[in-house]
Amino acid sequence: MQPKMLVTEAADILGVTVQAIHKQLKTKKLPYSKLQNRVYFGYETAVQLFSDFKNSCKIFVFVLVKGGVGKSTLCREVAIRSTLMGKRVLILELDHQGNLTKSFGVNAKEYPVLIDLLEDDSIPISDSIVNVIPGLDIIPSRYDNSVLDNFIMLKSMPLQKVIKNRIEPIRKNYDLILIDCPPSLGQAVTSAVLCADEVILPTTPCDFSDSGIDTTVKEVRRMLNDFDASQVPMKIILNEYDNRERDSRETYADLIKHEKYGDMMFKFYIRECKEIEKYRRRKLSIFDSTSSTAGREDIDTLTRELLGMNEVATKGYASNRENHLSEVV
Ligand SMILES: Nc1ncnc2c1ncn2[C@@H]1O[C@H](COP(=O)(O)OP(=O)(O)O)[C@@H](O)[C@H]1O
Ligand SMILES: [Mg+2]
């Protein structure tokens with residue numbers, strides 16, 4: 001996997017001209033490549049170019065009781081996109097099916113997973129961290145994690161500490177931690193939710209009563225309230241939107257103006273994009289290609305939103321940055 005940030009995209013994110021980015025690449029001697037007419041770079045260059053945008057580590061937990069809505073997909077592509085903005089990212093996969101783990105070509109049997117860490121306190125969490133691409137690590141998952149809920153319950157483990165205590169010591173190593181949950185709302189998911197700075201609920205166009213949103217929101221809210229964490233925001237993202245489908249248009253319109261959920265909605269959606277699935281099957285990402293696709297654009301928007309980067313180009317930083325970049329040359 002060799003994810004790519006186009007120079008044109010970086011210019012757009014930073015609110016500067018393409019020429020300004022080219023100047024940076026040349027003066028700082030940063031590595032970049034060219035494919036046809038497109039100039040792009042990877043993590044190493046991104047770290048330098050985006051170095052002004054440091055943030056304290058944020059933890060996003062992807063939850064929805066329904067499967068197949070894009071929890072793992074969004075987690076994966078957002079994580080990859082974030083590395084292209086110079087971020088150090090960790091994914092913690094909790095789904096015992098381990099689809100995300102497999103999609104990075106990681107064999108989870110070679111590493112301790114969460115259940116092993118809980119069963120044996122002496123295993124350091126660092127043993128379970130696998131680097132998959134520059135800037136991106138994963139704590140993998142396999143079927144053994146299917147007993148997490150029972151184990152946590154039988155041992156009466158404190159839910160607010162089970163995952164948090166293990167992540168806290170390594171939090172400083174990352175700018176972003178994403179937790180991919182199984183389609184359930186048990187003890188393990190509760191423990192994950194109690195680590196969150198923000199809970200992300202992906203949903204797809206469908207009959208609302210079958211969306212799982214009601215159940216998930218109610219239950220996550222209860223988890224947060226029970227543990228005095230009611231301030232943690234919950235956000236809904238509509239995935240697999242297709243403008244040609246009435247279902248898509250109606251679901252988005254209904255959710256945006258929904259009395260309970262309207263305020264929780266991201267004001268954009270992730271469009272259906274066949275390339276996402278195509279690249280994943282080849283253990284690649286849509287960012288391996290340099291083509292512009294709906295998935296590429298939309299995942300970029302979501303990533304910028306989660307990282308607070310959407311404001312960079314609009315907050316007056318652009319003109320300062322342009323000056324700054326010219327000064328450097
Ligand atoms: N925006 C999208 N466009 C096209 N296919 C998508 C999109 N998001 C997810 N998918 C596909 O939908 C399927 C289910 O997604 P997944 O992320 O595994 O859901 P979950 O983790 O919620 O069970 C996968 O095959 C994935 O490739
Ligand atoms: Mg999944």
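A polar contact here is a pair of N or O atoms within 3.5 Å. Keep that cut-off in mind as you click around, and remember that this is a predicted model.

**Stop one: the ligand.** Select ligand 1 and show the residues around it. There are 16 of them, and those that come nearest are G68, T73, N239, C273 and E277.

Now zoom in on T73. One of its polar side-chain atoms sits 2.5 Å from an oxygen atom of ligand 1, so this pair falls within the 3.5 Å cut-off. Next, pick E277, where a polar side-chain atom lies 2.3 Å from a ligand 1 oxygen. Then try E240: here the distance from a polar side-chain atom to an oxygen atom of ligand 1 is 3.4 Å.

How much of ligand 1 does the protein cover? On its own the ligand has 560 Å² of accessible area, and the protein covers 82% of that.

To see what gives two or more residues to the shell around ligand 1, colour helix 4 (71–83), strand 10 (234–241), strand 11 (265–271) and helix 13 (274–281). Colour the shell by residue type and you'll get six charged, six polar and four nonpolar residues.

Select strand 3 (residues 38–41) along with strand 2: three bridges join them in the antiparallel sense.

How values were computed: Residues numbered from 1 in each chain as written. Chains lettered and ligands numbered in written order. Predicted model: local features only at pLDDT ≥ 70, side-chain atom pairs only at ≥ 80, totals over all residues. Heavy atoms only, no water. Near = heavy atom within 4 Å. Polar contact = N/O pair within 3.5 Å; in protein donor to acceptor, adjacent residues only side chain to side chain. Areas by Shrake-Rupley, 256 points an atom, 1.4 Å probe, with all protein chains shown as cover. Helix = DSSP H or I, 4+ residues; strand = E, 2+ residues; numbered from the N terminus. Nonpolar A, V, L, I, M, F, W, Y, C, P; charged D, E, K, R; others polar. Pairing = 2+ DSSP bridges.
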